[in-house]
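Please open the model in a viewer and keep the selection tool at hand.

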Amino acid sequence: MIPRHLKIGVAVLLAAVLVMAFYLRRMRSETDTHAADTRPVTAPVAGPTEQVNLYVAYDDPGVLHAQAARIALPAGRQQRAQELLRALLQMYLDKTSPHPLPAGADIRDVYMVDPGLAVIDLNAAFADGHRSGVLIEELTIASLVQTLAANIPGINRVKILVDGKDRETLAGHADLTQFFDTGAMSRTAEQLASGPQ
């Protein structure tokens with residue numbers, strides 16, 4: 001015969017196990033509903049806040065519009081370019097973005113190769129998760145190139161890399177093997193600003 005105190009002890013332990021299982025299951029479901037923010041974290045920028053124009057893509061009407069913003073910009077051209085594009089990217093990574101980009105998309109770096117050439121190095125998440133489509137990809141490229149050209153004087157060509165390497169297309173359509181002429185991109189941006197003809 002099993003002693004009564006042993007039966008009570010086993011019953012209490014079994015009840016504790018059931019309560020803990022219920023509690024852990026509830027905590028796990030709450031954690032799943034609160035998705036982690038996967039946006040990259042950047043170091044704070046030291047520099048004065050300046051008024052800039054970000055060229056923001058809007059998918060539904062298929063247009064590109066200049067949008068004024070105040071952001072902190074460092075003195076160096078390369079660092080300024082990085083901060084401009086990161087500010088633009090933050091708009092696209094927001095839940096209410098008019099041109100959503102994939103979670104984890106980031107600008108790895110921007111290089112000023114010579115006074116007239118800027119090289120934008122995107123991370124793999126940016127390109128691999130980018131939505132495919134001629135207009136969607138063209139809007140992204142025009143947005144990046146025009147934002148740089150409008151805010152950093154002297155840039156007349158832009159090259160886009162993915163993880164430091166050439167890539168044929170952004171997401172199957174937009175050719176990334178070429179250099180983008182900022183004058184031609186400015187005309188494209190004007191056409192996109194007026195909307196589809």
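The stops below begin with the whole chain and then turn to individual strands, helices and residues.

**The whole chain**

The model is predicted. The protein contains five helices and six strands. Followed from the N terminus, these elements run α-β-β-α-β-β-α-α-β-β-α. Of the contacts with a separation of 6 or more, 63% are made by residues 24 or more positions apart.

Select residues 49–58, which form strand β1, together with residues 63–72, which form strand β2. The two run antiparallel and are joined by ten bridges. At Tyr58, look across to Val63, the bridge partner of Tyr58 in β2. Four residues lie between the strands of this hairpin, in which Gly62 takes a positive phi near 70 degrees.

**The four-stranded sheet**

Next, select the strands β3, β4, β5 and β6. What is their order in the sheet? The sheet is open, its order is β3-β4-β5-β6, and its pairing is mixed. Strands β3 (107–114) and β6 (180–181) stand at the edges; each has a single partner strand, so one side of each is left without a neighbour in the sheet. Strands of a sheet may pair in either a parallel or an antiparallel manner, through backbone hydrogen bonds.

- Strands β3 and β4 run antiparallel and are joined by six bridges. A hairpin of two residues connects them. Select Val110 to find its bridge partner in β4, Ile120.
- Strands β4 and β5 run parallel, again with six bridges between them. Select Asp121, whose bridge partner in β5 is Leu161.
- Strand β5 (residues 157–162) pairs with β6 in the antiparallel sense over two bridges. Val158 has Phe180 as its bridge partner in β6, and Arg157 has Asp181.

Helix α4 (residues 134–151) packs on this sheet, where it touches β3, β4, β5 and β6. The direction of α4 makes about 135 degrees with that of β4.

Remain on β5 and colour its residues by accessibility: five of its six residues are buried, so the strand is mostly covered.

Select Ile155, in the loop between α4 and β5. Is this residue buried or exposed? Ile155 is buried, because its relative accessible area of 6% falls under the 20% limit. Show the residues around Ile155: leaving aside neighbours within four places in sequence, its contacts are Arg77, Met112, Pro115, Gly116, Ala118, Leu148 and Thr182. Then place a distance label between the C-alpha atoms of Ile155 and Asp181; they are 9.1 Å apart in space, although the two residues are 26 residues apart in sequence.

**The loop between β5 and β6**

Move on to Asp163, which is found in the loop between β5 and β6. Its phi is near 55 degrees, a positive value in a residue other than glycine. Asp163 is partly exposed, with a relative accessible area of 34%.

Thr177 also has its place in the loop between β5 and β6. With a relative accessible area of 44%, Thr177 is partly exposed. Which residues does Thr177 touch, not counting those up to four places away in sequence? They are Lys159, Arg167 and Glu168. The C-alpha atoms of Thr177 and Ile160 are separated by 8.0 Å, and the two residues are 17 residues apart along the chain.

**The ring of Phe179**

For the last stop, show the side chains of Phe179, Arg157 and Lys159. Arg157 lies over the face of Phe179, at 4.9 Å from the ring centre. The charged end of Lys159 also sits over this ring, 5.6 Å from its centre. As for pairs between aromatic rings, a search of the whole structure finds zero.

Conventions:
Residues are numbered from 1 along each chain as its sequence is written. This is a predicted model: local features need pLDDT of at least 70, side-chain atom pairs count only at pLDDT 80 or more; totals for chains, interfaces and linings use all residues. Side-chain values use heavy atoms; hydrogens and water are left out. Rings of Phe, Tyr and Trp (its six-membered ring) pair if their centres lie within 6.5 Å; planes under 30 degrees apart count as stacked, over 60 as edge-to-face and the rest as tilted. A charge sits over a ring if NZ of Lys or CZ of Arg is within 6 Å of the ring centre and within 35 degrees of the ring normal. Contact means heavy atoms within 4.5 Å. Two strands pair if DSSP finds at least two bridges between them. Axes are lines fitted to C-alpha atoms, for helices over the stretch in contact, and angles run from 0 to 180 degrees between N-to-C directions. Buried means under 20% relative accessible area, exposed over 50%, partly exposed in between (1.4 Å probe, protein chains only).
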